[in-house]
Amino acid sequence: MTIAKIKQKKSLFTGVLLAFLFLTNCLIGYKDYPKILPLPSEEKTLDTNFVYVLPTFPQLNLGGREALKNYFENKTRFKKTMEGVDVPKTGYLVNVKVNYRSPTPIATVFLGASTLTATFLPAWSTQDGYDVQYILYKDGKKVGTYDYHIFRNYAQWIFFIPISWYNFETATEKEVFERMTLKFFEDAKEHF
């Protein structure tokens, strides 16, 4: 084997090892959103047009945008759903706005130090997450604004590797956005 191939295999091994460490040494949970089974689809009974505007997520998207799209397309009672930006003269439009809430400055310092030391130093955050707003229009007129807040608990440390299975016991970002959208439809039911 040549020295170049040995170095290439060594750097590949190092990259895989670092990826494994970074993916298995963090714990993520969402406050007020325990793990539940996926939400079922509703029967398509409404012939009214339903248009939705999806946001561009301001940071790494962990399934929230896809959850919104899937919910609007497949789990609502509307037969005709489409993504768009124009408020229809008849029917509904839901404009979803998502703002990422950064960790506190102290948590950001710890997260940076932990990342720089390959998570040998612990880090955590309890205040980051999303502020989500659903703006509802009916027959061309704005009828309501609904605000929701998602708080995420995040911790990383190399010693979390043995308990990283815990992430399978917590709700994912996709599940959280799906349930929050269900809550929006429950809160806005007077308009539907």
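Visitor: At what angle do H2 and H4 pack?
Guide: A heads-up: this is a predicted model, where local features need pLDDT of at least 70, side-chain atom pairs count only at pLDDT 80 or more, and totals for chains, interfaces and linings use all residues. Residues are numbered from 1 along each chain as its sequence is written, and side-chain values use heavy atoms, with hydrogens and water left out. Helices (DSSP runs of H or I, at least four residues) and strands (E, at least two) are numbered from the N terminus. The axes of H2 and H4 (lines fitted to C-alpha atoms over the stretch in contact, with angles from 0 to 180 degrees between N-to-C directions) sit 8 Å apart, and the packing angle is about 45°.

Visitor: What do you call that arrangement of H2 and H4?
Guide: Under 35 degrees would be roughly parallel, over 145 roughly antiparallel, 65 to 115 roughly perpendicular, and the rest is oblique. H2 and H4 pack at about 45°. The pair is therefore oblique.

Visitor: Is Glu178 buried or exposed?
Guide: Buried means under 20% relative accessible area, exposed over 50%, partly exposed in between (1.4 Å probe, protein chains only). Glu178 lies in helix H4 and touches residues including Pro38, Ala67 and Lys75, leaving out those up to four places away in sequence. Its relative accessibility is 7%, so Glu178 counts as buried.

Visitor: How wide an arc do the buried residues of H2 cover?
Guide: In H2 (residues 64-75), the buried ones are Gly64, Ala67, Leu68, Tyr71, Phe72 and Lys75. They lie on the same side of H2, because their arc around the axis is only 125°.

Visitor: Which helix do the buried residues of H2 pack against?
Guide: Their partners include strands S2 (46-53), S3 (78-83), S4 (92-101) and S5 (123-138). The helix on that list is H4 (173-187).

Visitor: What separates the C-alpha atoms of Asn61 and Glu173?
Guide: Asn61 lies in the loop between S2 and H2. Leaving aside neighbours within four places in sequence, Asn61 is in contact with Glu66 and Glu173. Asn61 and Glu173 are 112 residues apart along the chain, yet their C-alpha atoms are separated by 8.6 Å.

Definitions and conventions: The arc is that of the directions from the helix axis to the C-beta atoms. Contact means heavy atoms within 4.5 Å.
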